[in-house]
Number of protein chains: 2
Amino acid sequence: MPDIAHRPRVVIVGCGFGGLEATRALARADVDITLIDRTNHHLFQPLLYQVATAGLAAPAISAPIRHILRRQIAAGRLTVLLAEVQDIDAARRQVRLDDGTRVPYDHLIVAAGATHGYFGHDEWARHAPGLKTLADAFELRNRVLKAFEHAERHPGQREEWLTFAVIGGGPTGVEMAGTMAEIAHHTLHDEFRHIDSRQARVVLIEGADRVLGALPPDLSRRAQAQLERLGVEVRTGCRVTHVDAQGVTAQVQGQEAPWRLHARTVVWAAGVAASPLGRALHATTGVALDRAGRVVVEPDLGIAGHPEIQVIGDLAAAKSHPRDGEPTPVPGVSPAAKQMGRHAAANLQRRLRGEPAQPFRYVDYGSLATIGRKAAVAQVELPLLGELRLSGYPAWVFWLFVHIYFLIGFRNRLMVLVDWAWAYWTFQRHARVVVEAPPAASPSQEDGS
Amino acid sequence: MPDIAHRPRVVIVGCGFGGLEATRALARADVDITLIDRTNHHLFQPLLYQVATAGLAAPAISAPIRHILRRQIAAGRLTVLLAEVQDIDAARRQVRLDDGTRVPYDHLIVAAGATHGYFGHDEWARHAPGLKTLADAFELRNRVLKAFEHAERHPGQREEWLTFAVIGGGPTGVEMAGTMAEIAHHTLHDEFRHIDSRQARVVLIEGADRVLGALPPDLSRRAQAQLERLGVEVRTGCRVTHVDAQGVTAQVQGQEAPWRLHARTVVWAAGVAASPLGRALHATTGVALDRAGRVVVEPDLGIAGHPEIQVIGDLAAAKSHPRDGEPTPVPGVSPAAKQMGRHAAANLQRRLRGEPAQPFRYVDYGSLATIGRKAAVAQVELPLLGELRLSGYPAWVFWLFVHIYFLIGFRNRLMVLVDWAWAYWTFQRHARVVVEAPPAASPSQEDGS
């Protein structure tokens with residue numbers, strides 16, 4: 001066995017889909033891995049909107065990183081650190097943590113992901129929170145549930161508290177809008193004395209001329225029809241120009257005058273901005289960033305001039321290199337992040353063996369978006385049969401089983417299935433808990449971090 | 001049917017065990033109820049320590065107040081308000097809410113409960129958080145889980161991060177200490193590379209000479225033996241004189257020199273302080289308060305000179321009036337709060353009928369305290385057979401079924417049972433999620449509250 005000091009040191013930043021997959025793929029490699037994440041859990045982001053809409057408890061979609069990877073830790077090949085990476089020094093091959101500690105590496109995989117972006121209007125953030133972390137989901141859950149409480153208490157402000165705007169008609173926006181309509185029309189119905197929750201308006205605002213722009217146009221149309229059946233008002237061709245405490249202003253295609261929507265609760269599901277570590281990589285290696293701040297990587301997912309650094313997942317502006325045909329951009333979806341994680345791990349092992357790295361090729365198994373109870377659209381690429389398009393109930397059942405299958409941990413799969421069966425039959429959403437922000441962590445704890 | 005304006009207006013403050021029970025007991029009464037609570041959920045506090053120790057998700061022990069009481073709301077007899085009562089005006093018969101609104105009443109039931117008290121040392125609060133709300137539980141869960149992460153990252157501070165102090169040997173302190181020992185010795189074992197979580201010390205500090213002082217001495221002894229078997233160090237006769245960021249100082253019975261424990265994580269399970277509404281009631285009615293700030297009530301749970309105001313639950317310094325024998329103090333436990341809630345509702349209806357109110361009599365069914373996996377003590381009062389004392393595994397099974405039985409909602413009972421079965425067989429605690437405090441609620445929402 002080689003001496004532990006001589007094993008190549010691999011640092012992986014971020015334990016989302018990409019970072020977790022890379023870590024697992026290196027389980028049998030003779031390397032010493034340090035996995036660094038800001039949180040202690042891997043989050044199953046595709047179901048985060050269910051936490052934001054009180055359908056699932058947070059632990060059902062999160063798994064402690066240490067627990068998932070306990071075998072690799074016990075084998076003495078993996079150190080997990082709960083820490084935030086502040087900076088990267090490519091010349092010295094070190095990452096710098098929030099407490100100043102420097103962690104040296106021989107190989108670095110950066111999988112720090114993305115957050116929501118406000119197209120340069122960061123002042124909108126406090127009026128229209130986005131949905132990327134569990135803390136975001138709790139904030140949205142509090143806002144949505146409290147809006148109905150405000151409407152019950154304040155007759156003069158009833159209409160504005162019962163209007164909910166969702167900005168962005170991608171998968172997250174469609175899910176949030178559909179589920180909020182379900183809450184208003186079914187879950188809360190009959191639980192208030194002075195308001196009728198069914199009078200709530202849920203308005204989905206999309207700048208392009210159709211929702212779910214990544215899917216074929218006919219699936220967009222079917223998704224919009226299903227949203228409208230659930231009671232969502234869909235406004236396409238409607239570009240948001242301003243967000244404040246009272247609502248949203250937008251420019252409607254083909255209209256002069258701006259359109260104003262009075263809404264006390266606004267959800268941001270529009271823009272994506274890459275992790276600030278993109279800028280850190282640019283500063284230390286000179287690598288190019290795209291407009292969203294993503295790192296433009298080489299065909300093998302490495303950084304030009306720094307083959308020891310790979311960037312994967314939502315932080316990477318990567319291209320897929322099919323065996324025949326032109327390279328195409330890799331979409332920012334979880335299957336792509338996982339495939340990049342496996343690919344980066346394989347290339348790293350090739351480098352260790354002195355073999356050349358291979359270009360990344362994304363395999364597209366299709367797209368899925370859920371809208372609400374019994375409502376979804378799906379486009380599935382089947383190996384021999386070609387493309388299959390589903391919508392409505394069959395698409396929803398398909399979506400449900402795909403998501404349960406990919407959840408981490410048998411217990412979580414079981415619990416989510418029970419929760420959904422329960423919600424399906426009773427229309428109840430069990431996680432309707434408003435918890436006010438706990439007091440900020442005390443200095444006694446922060447001293448040591 | 002009488003005109004709605006003429007129905008007696010009943011205001012109930014607080015939806016803990018007492019307030020919820022009073023509201024339910026008035027379901028068929030011809031009164032118009034307004035139930036006011038700071039949160040939107042009824043919390044099953046006896047299992048709060050399980051949320052703080054990552055065994056249960058918050059929604060498993062909380063039920064939305066509106067959902068529990070939806071039938072009374074739909075019947076047009078109940079208004080539920082998410083609001084905080086700031087003050088009570090007994091002369092005008094009004095309660096004043098946080099936004100200045102005044103809610104008039106003909107009858108008032110105050111069930112605002114208690115929080116943890118620091119015996120005048122409020123500066124200890126940030127170093128040693130207590131456990132009364134879900135926000136408290138999240139704060140403790142974050143601190144306990146992060147302490148192990150700090151120990152992994154900072155070799156020089158390993159010992160202080162791996163020492164956990166629990167102050168107070170009542171039921172909450174015993175539960176927290178036993179469960180934290182279980183986490184260190186079983187749950188986290190094998191998940192760290194640089195530390196052995198089994199080396200963690202959990203120290204339970206109690207001022208009196210035995211833990212669980214409300215139980216008979218032999219059960220205290222058995223509880224202490226079970227705690228020690230789980231790996232908890234029990235220090236009785238040890239009065240805490242100082243708490244800071246680095247640990248706890250105490251005066252040990254029969255010793256001159258103070259004792260110092262270096263511990264980065266301290267849990268407060270010692271003092272209880274009544275809700276500030278006790279002082280508000282004193283100010284407006286002149287009623288006496290006891291040393292803990294609880295309202296000294298009449299035998300019928302009313303306030304002297306104000307029979308239209310009743311105080312129940314942990315906020316009341318009440319006495320039980322047995323048919324024969326001397327009055328005895330009512331303990332601050334959930335069965336007592338429920339019985340007071342039912343009694344207050346019955347007395348209110350007696351007043352409406354012009355009948356005299358009856359004195360309160362507490363029926364003691366026994367006491368229960370759990371310590372950890374398969375460890376508990378119980379003293380049960382059986383109707384004909386007399387007192388039964390259990391400890392160890394039988395007491396734990398009994399405790400488990402009693403707690404599941406009293407949980408609100410079939411779904412919660414089912415989920416908690418599944419969670420416990422899962423934790424029992426795997427030693428896993430599924431809710432190990434550290435979520436940093438979300439950003440404070442934005443002004444856009446606060447404007448309207």
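Predicted model: local features only at pLDDT ≥ 70, side-chain atom pairs only at ≥ 80, totals over all residues.
1. Helices (H or I, at least four residues) and strands (E, at least two) are DSSP runs, numbered from the N terminus. Once neighbours within four places in sequence are set aside, Leu390(A) is in contact with Leu219(A), Ala376(A), Val377(A), Ala378(A), Ala395(A) and Phe398(A); contact here means heavy atoms within 4.5 Å. From Leu390(A) to Asp99(A) the separation is 291 residues in sequence and 50 Å in space, taken C-alpha to C-alpha.

2. Conventions. Residues are numbered from 1 along each chain as its sequence is written, and chains are lettered from A and ligands numbered from 1 in the order in which they are written. Local features need pLDDT of at least 70, side-chain atom pairs count only at pLDDT 80 or more, and totals for chains, interfaces and linings use all residues, while side-chain values use heavy atoms, with hydrogens and water left out.

3. Extent of the interface. The size of an interface is often given as the accessible area lost when the parts come together. Chain B and chain A bury about 6,800 Å² between them, and 56% of this area is on carbon and sulfur atoms. Buried area is the accessible area (1.4 Å probe) that two parts lose on being put together, summed over both. The contact draws 77 residues from chain B and 77 residues from chain A.

4. Polar links and the side of chain B. Between chain B and chain A there are 24 residue pairs in polar contact, both residues being at pLDDT 80 or more. A polar contact is a pair of N or O atoms within 3.5 Å; within protein, one must be able to donate a hydrogen and the other to accept it, and residues adjacent in sequence count only if both atoms are side-chain atoms. The elements that give two or more residues to the side of chain B that touches chain A include strand S2 (32-37), helix H5 (134-153) and helix H12 (410-426) of chain B. H5(B) gives the most to this side, with 11 residues. The residues of this side of chain B divide into 34 nonpolar, 20 polar and 23 charged. For this division, Ala, Val, Leu, Ile, Met, Phe, Trp, Tyr, Cys and Pro count as nonpolar, Asp, Glu, Lys and Arg as charged, and the others, Gly among them, as polar.

5. Salt bridges between the chains. How many salt bridges are there between chain B and chain A? The count is 8, and over all chains it comes to 46. A salt bridge is a side-chain nitrogen of Lys or Arg within 4 Å of a carboxyl oxygen of Asp or Glu. The side chain of Arg153(B) meets that of Asp99(A) at 2.9 Å, N to O, and that of Asp98(A) at 3.1 Å. The latter pair runs from helix H5 of chain B to the loop between strand S7 (94-97) and strand S8 (102-104) of chain A. Arg153(B) is buried at 16% relative accessibility, whereas Asp98(A) is partly exposed at 38%. Buried means under 20% relative accessible area, exposed over 50%, partly exposed in between (1.4 Å probe, protein chains only).

6. Another pair across the interface. Asp99(B) and Arg153(A) also form a salt bridge, at 2.9 Å from N to O. Asp99(B) lies in the loop between strands S7 and S8 of chain B, and Arg153(A) in helix H5 of chain A. Asp99(B) is partly exposed at 25% relative accessibility, and Arg153(A) is buried at 15%. A network of salt bridges links Arg7(A), Asp30(A), Asp32(A) and Arg193(B).

7. Arg143(B). This residue lies in helix H5 of chain B and counts as buried, at 4% relative accessibility. The side chain of Arg143(B) reaches the backbone oxygen of Arg126(B) at 2.9 Å.

8. Cysteines. The count of disulfides over all chains is 0, a disulfide being a pair of cysteine sulfur atoms within 2.5 Å. Cys15(A) is buried at 2% relative accessibility, and Cys238(A) is buried with a relative accessible area of 2%.

9. Backbone points to check. Which residue in the loop between strand S10 (114-117) and H5 of chain A deserves a look? Phe119(A) is found there, with a positive phi of about 50° although it is not a glycine. Phe119(A) is exposed, at 60% relative accessible area. Arg93(B), likewise not a glycine, has a positive phi of about 55° and sits in the loop between strand S6 (85-89) and S7 of chain B. Arg93(B) is partly exposed, at 34%.
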